[in-house]
Amino acid sequence: MLLYDRVSPRLSSLLDLARWSAAWLVLVSHVRSLLFQDWSVLPPAGRGPLTAAFYLLTGLGHQAVMVFFVLSGFLVGGSVLNDLRRERFSLARYAINRVSRLYVVLLPALALGWLIDSAGSTWFAAEGIYSGHWPQPLAALQYSVVERLQPLTALASAANLQTIVAPPLGSNGPLWSLANEFWYYVLFPLLTLPLFLRGHMLASGACLVVAAAVAWLTHPEILAFGAVWLLGVLVRLCPWRLPAPLWLGGGVVVLAALTSSRLAHLDLGRWVGFANDVVLSLIFTVFLLSAMSDRGSAPLPGQRLSAALANCSYSLYLLHFPMLLLLCTAVQHAWGCGLSQPPGVTTFALFAGLTALLSAYAFGVAQLTERHTNAIRDALQRLLLRQPRPAAPPAT
């Protein structure tokens, strides 16, 4: 089996750039969708070219999630294949790695989201925002937050069963994609292990039976988007090389994402929309192939900043929405300009301020959670796998 596992400093810095850019695009898409009026209700006089460009560039949240899926397949699926090929794959170690990566941020995010949503629904009950009675359409909040603040909903989200047995907890709609990620992490090694377990028919059969049970229990849309996740894995297997300048490939990806966003707003149907997502993901996959072909060894400019931002991108994705909703509702309550506002100087200033504030909030929480992922993973491995603590370096 061909497997390209070399990740050069340049490719690593590119992956960091893609990770934090995708998380930031999700953030700004939600800030704009809550704070600004929907494009469909803007009067013709308010649809100038600059406003149209702003709405287009801040409407790429869903497209950014597709990029996340491809990157996840590339990084997680690729690491599984590497370990299997080298006969060093451990299901227990893999489970610890994935659980520590997910839950060190997920559990605090669920707790903070519950507290923030409970506070917002209590303090601003009269506004009707948390109960789903806000009179104007909010593209990012088309449900009652209060109805989703239930113990069973919280347990479903903690078990990554949101969208399968219950909606995401409270206002935190972005949690939907985490269920996808989690079950791809479960299914992929179960489906690939039998390819490497030669002569172990019983173990191979058990893997396939468990995989079939998991697939049957999950939502069909989760399985469908698994094709997008697998595209990232295919990059690690593909022997082809596509030498092309990174700037050119990046420009094509941006253009494809903008086109995909415009097509998504045409409401062409559920499966046409899925095909639209697959096409964008294929284009990003080709870009990754060209990036792996790049012979440059030096990291991209701003590598340290990209690495720092990428290291809190998961926190930014999981944490931002409940706090965003609380802040917008508080501004609406105090000054009447926090939700569904027409474009203007005040609204753009609020957009910039909220984006900066939410980024700082996620960065701060990440210092207490995501930053310690490796330490928690190592502690779990020592506890559950009885691995010895790494020896201290000799004194000099």
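In which helix does histidine 30 lie? Histidine 30 belongs to helix α1, which spans residues 9-35; helices here are DSSP runs of H or I with at least four residues, numbered from the N terminus. Please keep in mind that this is a predicted model, where local features need pLDDT of at least 70, side-chain atom pairs count only at pLDDT 80 or more, and totals for chains, interfaces and linings use all residues. Residues are numbered from 1 along each chain as its sequence is written, and side-chain values use heavy atoms, with hydrogens and water left out.

**Histidine 30**
- Histidine 30 has a relative accessible area of 16% and is therefore buried (under 20% relative accessible area, with a 1.4 Å probe and protein chains only).
- Beyond its neighbours within four places in sequence, histidine 30 is in contact (heavy atoms within 4.5 Å) with Ala140, Pro174, His320, Phe321 and Leu324.
- From histidine 30 to alanine 308 there are 278 residues in sequence and 22 Å in space, C-alpha to C-alpha.

**Serine 121**
- Serine 121 sits in helix α4, residues 91-123.
- Its relative accessibility is 19%, so serine 121 counts as buried.
- The side chain of serine 121 reaches the backbone oxygen of serine 118 at 3.0 Å.
- Setting aside neighbours within four places in sequence, serine 121 touches Tyr130, Val146 and Leu149 as contacts.

**The largest pocket**
- This pocket (on a 1 Å grid over the protein atoms alone, an open set of points where a 1.4 Å probe fits, with protein on both sides within 12 Å along at least five of seven lines) has a volume of about 1900 Å³, a volume being the space filled by probe spheres set on the points, which are joined across faces, edges and corners.
- Its lining (residues with an atom within 4 Å of a point) has 49 residues, and Gly61, His62, Ala139, Trp176 and Ala264 lie nearest the centre.
- Among the elements that give two or more residues to this lining are α1, α2 (49-57) and α3 (61-85), while α10 gives the most, with 7 residues.
- The lining divides into 22 nonpolar, 20 polar and 7 charged residues; Ala, Val, Leu, Ile, Met, Phe, Trp, Tyr, Cys and Pro count as nonpolar, Asp, Glu, Lys and Arg as charged, and the others, Gly among them, as polar.

**The second largest pocket**
- The second largest pocket holds about 1100 Å³ of space.
- Of its 41 lining residues, Arg19, Leu75, Val76, Arg98 and Arg101 are the closest to the centre.
- Helix α3 provides the largest share of this lining, 10 residues.
- The lining of the second largest pocket comprises 18 nonpolar, 13 polar and 10 charged residues.

Key. Buried means under 20% relative accessible area, exposed over 50%, partly exposed in between (1.4 Å probe, protein chains only). A polar contact is a pair of N or O atoms within 3.5 Å; within protein, one must be able to donate a hydrogen and the other to accept it, and residues adjacent in sequence count only if both atoms are side-chain atoms.
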